[in-house]
Amino acid sequence: MEERVGVVRHRKMAIHKRRLIRLLRCGTVTLLFVIVYVKRNIVVFSSIDLLSTDQQQNQQQRQRQRQQRQQELEQQLQRLDRLPKDSVHRVAFITFSYVKHDDASKLFDFLLPAVDTWAAPPPPSPPLAAHNSNNISAAINNEESVDFTLYVVFSHPSRNPFEKFCIHGKKKEEEEDGEGSSSSIMNVQQRSALCQRIQPIYVDCPEGKFGESPCCKQQKGLLELHNQNLNNNNNNYPLYDWYAFFDDDVYLRKEYVAKLLAGLQPPPDFPMAAIPYNQIPRIIGFDDRRCYPPYVPIGTTRDDDKNNKHDQFLYPWGMPIFYSRGALDIMSKGYRANSLVEQCAAFDVTHDVGNAILNWMYGLPAAMLPPLANLPAVRDDYIGSHLAGRDDMRERMRGKERLNRRGRVIAPALPEDFFSFYGTHERWMLERNQYPEDLQKWWTGSERHWFPNVTTDGFRRTLTHDRRGDPRSWPEGVWHTMEISDCDMGGGEGRHPW
């Protein structure tokens, strides 16, 4: 009996033992699960905490950068306020060019003569009496007058040859004939001094491609120089009221231009352009690649029977073009999305026509400036000359004297330096060609000095606007290219020229 009781007790103990082992195993698994779950949550929560900390730090850094840019902008505006309203230092003068190791003609025939003539620093203000209250501002103006630069946009391949020829090296003629030779244009010291007046802006643009090269240089050059470039936190360029962009064969009367721009009524932060009035408004595009209104038959310039205006599809070409600071504020977003290059490619045009297309899409109002005339035309109220430095134009126009049938000279040959920057500068310095002192005619009755109808409903009648809306509302990094076929909105009865 006792043995049976012992066996039963042994069996029960074995059962309890197995149950205990089973419970322990389950508890261990549960405990491990709990531990792993807790650890995972700790890692997740820790990651979330770290991520939120990084986001906060990035947000704080962006906030500090915005505050820094705002402070820099305020300082720049204060600097502008200290300048006279018609100061040339309120206008950024920007051209574009190239220099090659085997071709430095652009440098020696255009850029260096430009900074030695029209783009030379303006003369300082006359000294004032010792007790004059304007002594401080006069000192500021005198300091500013010494520091004047011509901005030149180069592609990156031009950097080494520019520095070689302009600063360090010698021109081929100098190497052959000697530094003091009469055939050399200028010695190294003179060249180095003139080079200090050139501020190169190097951009990533192709060289030698029609349309794309100048459009890219304008787009990226203005972006680099514009103080509000969001992609460049280390922008050290000063702020300007106006940004002038032009070809490198342009001679500008910068003091006269600055006075004209200063007299325009809208403030500099108003988006607008200013263009010489001899750039008459033309159909958007060029030659057979133009954006005709859908209701205008080929070869006609009339309005249609429904009073749809043909002049809504007109805009003056932009060379030279003068953009207000406000214009670049709204156009820089499109520039960052490659807007000008895309529109130049779509219409197969270069920057002057491309500017008209882009300005028309943005609806920029355009003020009229006095003409920029091709040489040899010179008149006291012109803002400058085109084709400066182009000796080939002299040969084309009147490189030789003209004779009548009897062999008598009826027109002498133009002087060899007639088209050079120095010859052009000499003619502009004549007393009869000094610009008029009274410029009120450009500021009174201002409605007469604006290109008409350039901000009307032309672009709004295109498929691009119908599908995408106003370019000012397009998001950052997006540009919807307007194709020529997008001018067809339907509802017109004329034939299309494409």
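Is Asp 348 buried, partly exposed or exposed? I began my notes with this residue and found that, at 47% relative accessibility, Asp 348 counts as partly exposed, where buried means under 20% relative accessible area, exposed over 50% and partly exposed in between, computed with a 1.4 Å probe on protein chains only.

**Ground rules.** I am reading a predicted model, in which local features need pLDDT of at least 70 and side-chain atom pairs count only at pLDDT 80 or more, while totals for chains, interfaces and linings use all residues. Residues are numbered from 1 along each chain as its sequence is written, and side-chain values use heavy atoms, with hydrogens and water left out.

**The chain as a whole.** I noted 14 helices and 16 strands in the protein chain; helices (H or I, at least four residues) and strands (E, at least two) are DSSP runs, numbered from the N terminus. Of its 498 residues, 46% count as buried. I also looked up contacts, meaning heavy atoms within 4.5 Å, and found that, among those in the chain with a separation of 6 or more, 76% are between residues 24 or more positions apart.

**Positive phi.** Going back to Asp 348, I placed it in the loop between H10 and helix H11 (351-362), and I wrote down a phi near 55°, a positive value in a residue other than glycine. Leu 387, which is not a glycine either, has a positive phi of about 80°, and I found it in the loop between E14 and helix H12 (391-398). Leu 387 is buried, with a relative accessible area of 9%.

**Lys 217 in H7.** I then turned to helix H7 (residues 212-225), which holds Lys 217. Is Lys 217 buried or exposed? Its relative accessibility is 2%, so Lys 217 counts as buried. The side chain of Lys 217 reaches the backbone oxygen of Ser 97 at 2.9 Å. Leaving aside neighbours within four places in sequence, I listed the contacts of Lys 217, among them Phe 96, Ser 97, Tyr 98, Val 153 and Phe 245.

**H7 against H9.** Two packed helices are described by the angle between their axes and the distance between the axes. For H7 and helix H9 (residues 325-336) I noted an angle of about 125°, with the axes 10 Å apart; axes are lines fitted to C-alpha atoms, for helices over the stretch in contact, and angles run from 0 to 180 degrees between N-to-C directions. H7 and H9 are therefore oblique to each other, given that angles under 35 degrees count as roughly parallel, over 145 as roughly antiparallel, 65 to 115 as roughly perpendicular and the rest as oblique. In this pair, Gln 218, Gln 219, Leu 222 and Leu 223 of H7 meet Leu 328, Ser 332, Tyr 335 and Arg 336 of H9.

**H7 against H10.** H7 also packs with helix H10 (residues 339-347), at an angle of about 160° and with the axes 8 Å apart, and the two helices are therefore roughly antiparallel to each other. From H7, I noted that Glu 212, Cys 215, Cys 216, Gln 218 and Gln 219 meet Ser 339, Leu 340, Val 341 and Cys 344 of H10.

**Cis peptide bonds.** I looked next at Met 319, in the loop between strand E10 (314-316) and strand E11 (321-324), and found that its peptide bond to Pro 320 is cis, with omega near -5°. Met 319 counts as buried because its relative accessibility is 6%. Leaving aside neighbours within four places in sequence, Met 319 is in contact with several residues, including Phe 246, Asp 247, His 351 and His 386. A cis peptide bond also joins Leu 375 and Pro 376, with omega about 15°, and I placed Pro 376 in the loop between strand E13 (372-374) and strand E14 (384-386).

**His 480.** My last entry concerns His 480, in the segment after helix H14 (463-468). With which side chain does the side chain of His 480 make a polar contact? The partner is the side chain of Arg 468, at 3.4 Å; a polar contact is a pair of N or O atoms within 3.5 Å, where within protein one must be able to donate a hydrogen and the other to accept it, and residues adjacent in sequence count only if both atoms are side-chain atoms. Leaving aside neighbours within four places in sequence, I found His 480 in contact with Gln 343, Met 361, Thr 464, Arg 468 and Trp 474.
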